[in-house]
Amino acid sequence: MANNSYMSRCPLMETDDLDTGEIVDELVDTILADYDKKREIDRMDFFGQPDQDVVSNITKKLLMLLYPGYYRDNAYRERTARSWLAVLIEDVMYHLRKQIEIVLVNDPRYSDASKSERKTAAQCITMDFFRKLPTIREYLDTDIDATFEGDPAANDKIEIVLAYPGLYATTIYRLAHELFLLRVPYIPRMMSELAHSETGVDIHPGAEIGKYFFIDHATGIVIGETSQIGEHVKVYQGVTIGALSTKDGQALHGVKRHPTIDDNVTLYSGASVLGGRTVIGHDSVIGGSAFITKSVPPYTHVLVKTESTVITVDKA
C-alpha cells in the first residue's frame with residue numbers, strides 16, 4: 001500500500017528528468033521557514049561558541065602533558081624534554097586561550113567587555129590553569145595508587161594508565177574541574193562529555209573529589225555537579241551519586257542537590273545515593289543495588305536483602 005501511494009505521487013521517470021535544483025530550492029525554503037520560528041534550536045550564529053574539535057584536540061594534548069611517557073605525538077618529539085615540552089605547552093596555551101576568549105562573551109563578567117579585554121582575561125585564566133597542572137598530576141598519582149591497590153587484576157601501574165577507563169575519566173574530570181573553578185563557560189562540560197562518551201562515566205566538572213579516587217569497571221557511573229567526595233573512595237560500575245528530585249528545574253541551580261561521601265567509603269555496583277542533605281559517613285560500605293536517600297553514620301554497612309535464590313538440579 002505504501003509503495004502504491006508513493007507511486008501515485010512520484011511517477012516513474014528517468015533520473016535525468018529530475019529537476020534537483022528545483023527540489024533543493026523547495027527544501028531550502030521549507031527549512032529556512034522552520035528556522036525562522038526563533039526557538040533556541042533555530043540559532044544560526046556561532047558567536048560565543050567554542051569549536052568542539054579544537055576542545056577535543058586540546059584535551060588530548062593535555063593528556064600528553066599529564067602523562068608524558070604514555071600519550072605521544074611525534075610532532076612534539078624534540079631532542080630534549082625541555083624543548084618538546086616548551087613547544088607543546090605553547091601550542092596548547094594558544095588554542096586554549098583562543099577558545100576561552102570566545103566563550104567569555106557568555107560570562108556576565110565579560111559580556112560587555114571589549115575584545116582586547118576578553119583576550120587579556122583569557123590569557124590570565126589560561127596561565128592560572130596551567131599553573132594548576134602539577135597539583136592535578138599530584139592528585140592523579142594518588143588515583144593511580146588507589147587503583148593499583150584496589151584492583152588485584154592490575155598487573156602494574158603502566159597497565160592502569162594505558163588501559164583503565166576509570167582513570168581516564170577521572171583524569172579528564174580533574175582537568176575540567178580546574179577550568180570549572182576558573183568559571184570558564186562550556187569548555188569544562190564539553191571536556192567531561194568527551195570522557196562520558198568514551199567510557200560511560202559521567203562526572204560533572206563541578207563535583208569535588210578528593211585524592212585516592214578509584215573507579216572500578218567504569219560503566220554507567222553518574223556523579224552530579226554538587227557532589228562532595230572525600231579521599232580513598234571506591235566506586236563500582238552502575239553507581240549514581242545524584243539528585244533526589246529536579247522537579248523545580250532552574251530554581252535549583254546553584255543549590256546543593258547531590259550527596260556528600262566522606263573518606264574511606266565503598267559504593268558497590270548499582271548503588272544509588274541521592275539528595276543534597278545525604279551524607280555517607282566515613283569508613284562505610286554501601287552494598288550493591290542499595291537506594292539511599294538519608295544520611296548514614298560512619299562505619300555503617302548497608303546491605304540489600306532479597307528473596308533467596310533456590311537452585312534445583314533435575315535428576316537424570
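Modeller: Let us look at helix H6, which has 18 residues and reaches 25 Å from its first C-alpha to its last, close to the 26 Å expected at 1.5 Å a residue; the expected span is 1.5 Å times one less than the number of residues. Helices (H or I, at least four residues) and strands (E, at least two) are DSSP runs, numbered from the N terminus. This is a predicted model, in which local features need pLDDT of at least 70 and side-chain atom pairs count only at pLDDT 80 or more, while totals for chains, interfaces and linings use all residues. Residues are numbered from 1 along each chain as its sequence is written, and side-chain values use heavy atoms, with hydrogens and water left out.

The axes of helix H5 (residues 115-131) and helix H6 (residues 133-150) come within 4 Å and cross at roughly 35°, where axes are lines fitted to C-alpha atoms, for helices over the stretch in contact, and angles run from 0 to 180 degrees between N-to-C directions. Phe129, Phe130 and Arg131 of H5 make this contact with Leu133, Pro134 and Ile136 of H6, contact meaning heavy atoms within 4.5 Å.

Two of these names return among the buried residues of H6, which are Leu133, Ile136, Leu140, Thr142, Asp143, Ile144, Ala146, Thr147 and Gly150; buried means under 20% relative accessible area, with a 1.4 Å probe and protein chains only. What covers them includes H5, helix H3 (52-66), helix H7 (157-163) and helix H8 (165-181), together with strand S3 (214-215) and strand S6 (234-235).

Conventions
Buried means under 20% relative accessible area, exposed over 50%, partly exposed in between (1.4 Å probe, protein chains only).
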